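Hi,

Here is the structure I promised to pass on. Have a look at it first, and then read on for what turned up.

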Amino acid sequence: STRGVTLTSSTINPVNQTRSDSKAGYIDPLPPRSNLVILTGQQVTSVIFNGSTNANGDKIASGVTFQASRGATSYSVQANREVILS
């Protein structure tokens with residue numbers, strides 16, 4: 001299944017001629033994890049900050065608000081450790 005936007009020689013495994021992408025390289029090898037949720041087809045509409053700062057004075061994100069499309073139901077989630085957007 002296609003999960004990328006381009007096909008170059010560096011994305012083909014030379015041993016078995018299968019396509020490689022970030023999901024195959026980083027997510028598929030992981031064992032099941034209850035603390036990892038990957039949502040596709042969603043867009044973050046705002047990042048939630050808890051008012052804290054780190055040692056450098058940077059604000060710390062504590063969660064996000066997201067929805068599938070404009071006008072769709074909006075959801076907010078809090079993170080216990082990290083907020084990663086990609």
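In what order do the elements of the chain run from the N terminus on? The order is α-β-β-β, from one helix and three strands (helices, H or I, at least four residues, and strands, E, at least two, are DSSP runs numbered from the N terminus).

A word on the ground rules. This is a predicted model, where local features need pLDDT of at least 70 and side-chain atom pairs count only at pLDDT 80 or more, while totals for chains, interfaces and linings use all residues. Residues are numbered from 1 along each chain as its sequence is written, and side-chain values use heavy atoms, with hydrogens and water left out.

Now the strands. S1 (residues 43–53) and S2 (residues 59–67) run antiparallel and are joined by seven bridges (strands pair if DSSP finds at least two bridges between them). Phenylalanine 49, for example, has alanine 61 in S2 as its bridge partner. The S1 and S2 hairpin has five residues between the strands, and glycine 57 takes a positive phi near 85° there.

Threonine 65 is also in strand S2. At 13% relative accessibility, threonine 65 counts as buried (under 20% relative accessible area is buried, over 50% exposed, in between partly exposed, with a 1.4 Å probe and protein chains only). Leaving aside residues up to four places away in sequence, threonine 65 touches Gln43, Val44, Thr45, Ser46, Ile48, Ser74, Tyr75 and Ser76 (contact means heavy atoms within 4.5 Å). Over the whole chain of 86 residues, 9% count as buried.

Next, charges. Side chains of opposite charge can pair when their charged atoms come close. How many salt bridges does a search of the whole structure find? It finds one (a side-chain nitrogen of Lys or Arg within 4 Å of a carboxyl oxygen of Asp or Glu). Lysine 23 and aspartate 28 form this salt bridge through their side chains, at 2.7 Å, N to O. Lysine 23 counts as partly exposed because its relative accessibility is 34%, and aspartate 28 counts as partly exposed at 43%.

That's what I have so far. Enjoy exploring!
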